[in-house]
Amino acid sequence: LQQIVQSLPAGFELKAIDQPLYRQAPVNPLCRDWCSQFADYEQYHKHGLGFVILKEGQIVSGASSYSFYKGGVEIEIDTEEIWRGKGLAKIAGAKMVLECLNRGLYPSWDAANQASVHIAQTLGYSFDHEYICYHVNAW
């Protein structure tokens, strides 16, 4: 996984979600869900974690803890459509998994589409089973 993280292309920056980046999440459609289950940054900082990939200071990809539970987090991951296919989600996901393992957290990955399944398998996850998932567009 460390090799995947180190494959970040030139011109991109991988950064932990800090308070200024956390504040961007609610107004950025790409990462709105990454922190939406946390009341504020203090709760996110205490129970969550995440990483973004920036291009010219703008968030283009990332992975974050959508939610947390005792001993683990549920990973939420996405990339701006114009930057997909460049391995950015895989890099952010690898960094997320490594940090979860460093903290003794289980990095739960529930893939919502085939691209997510592929990224998860690249990171060492095994496909279990398919189920019906509904997407509610409340924004």
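Predicted model: local features only at pLDDT ≥ 70, side-chain atom pairs only at ≥ 80, totals over all residues.
## Aromatic cluster, sheet and covering helix

Tyr-22, Phe-38, Tyr-41, Tyr-44 and Phe-68 come together in one aromatic cluster.

| Aromatic pair | Centre to centre | Angle between planes | Arrangement |
|---|---|---|---|
| Tyr-22 and Tyr-44 | 5.3 Å | 40 degrees | tilted |
| Phe-38 and Tyr-44 | 5.1 Å | 90 degrees | edge-to-face |

Phe-38 and Tyr-44 are both buried.

### The sheet and its hairpins

Five strands form an open sheet in the order 1-2-3-4-5, with mixed pairing. At its edges are strand 1 (12–16) and strand 5 (106–108), each of which pairs on one side only. On average, neighbouring strands of this sheet are turned by 25 degrees against each other, direction ignored.

Strand 2 (residues 50–55) and strand 3 (residues 58–69) run antiparallel and are joined by six bridges. Within this pairing, Leu-54 has Ile-59 of strand 3 as its bridge partner, while Lys-55 stands opposite Gln-58 of strand 3. The hairpin of strand 2 and strand 3 has two residues between the strands, and Glu-56 there takes a positive phi near 55 degrees.

Strand 3 also pairs with strand 4 in the antiparallel sense, here over eight bridges, and Tyr-69 stands opposite Gly-72 in strand 4. Two residues likewise lie between the strands in the hairpin of strand 3 and strand 4, where Gly-71 has a positive phi near 90 degrees.

### Helix 4 on the sheet

Which strands does helix 4 touch where it packs on the sheet? Helix 4 (residues 88–102) touches strand 1, strand 2, strand 3, strand 4 (72–79) and strand 5, and its direction makes about 35 degrees with that of strand 3. The 15 residues of helix 4 reach 21 Å from the first C-alpha to the last, which is close to the 21 Å expected at 1.5 Å a residue. Helix 4 is mostly covered, with 11 of its 15 residues buried; among them are Leu-88, Ile-91, Met-96, Val-97 and Leu-98, and also Glu-99 and Cys-100. After helix 4 comes Gly-104, whose phi is positive, near 75 degrees.

### Surroundings of Lys-55

Lys-55, the residue opposite Gln-58, places its charged end over the ring of Phe-12, 4.8 Å from the ring centre. The C-alpha atoms of Lys-55 and Ala-10 are separated by 9.7 Å, although the two residues are 45 residues apart along the chain. Ala-10 lies in the loop between helix 1 (2–5) and strand 1. Is Ala-10 buried or exposed? Ala-10 counts as exposed because its relative accessibility is 75%, and the cut-off for that class is over 50%.

Definitions and conventions: Residues numbered from 1 in each chain as written. Heavy atoms only, no water. Pairing = 2+ DSSP bridges. Helix = DSSP H or I, 4+ residues; strand = E, 2+ residues; numbered from the N terminus. Axes fitted to C-alpha atoms, helices over the stretch in contact; angles between N-to-C directions. Contact = heavy atoms within 4.5 Å. Buried < 20%, exposed > 50% of the residue type's maximum accessible area, 1.4 Å probe, protein only. Expected span 1.5 Å × (residues − 1). Phe/Tyr/Trp six-rings, centres within 6.5 Å; stacked < 30°, edge-to-face > 60°. Lys NZ or Arg CZ within 6 Å of the ring centre and 35° of its normal.
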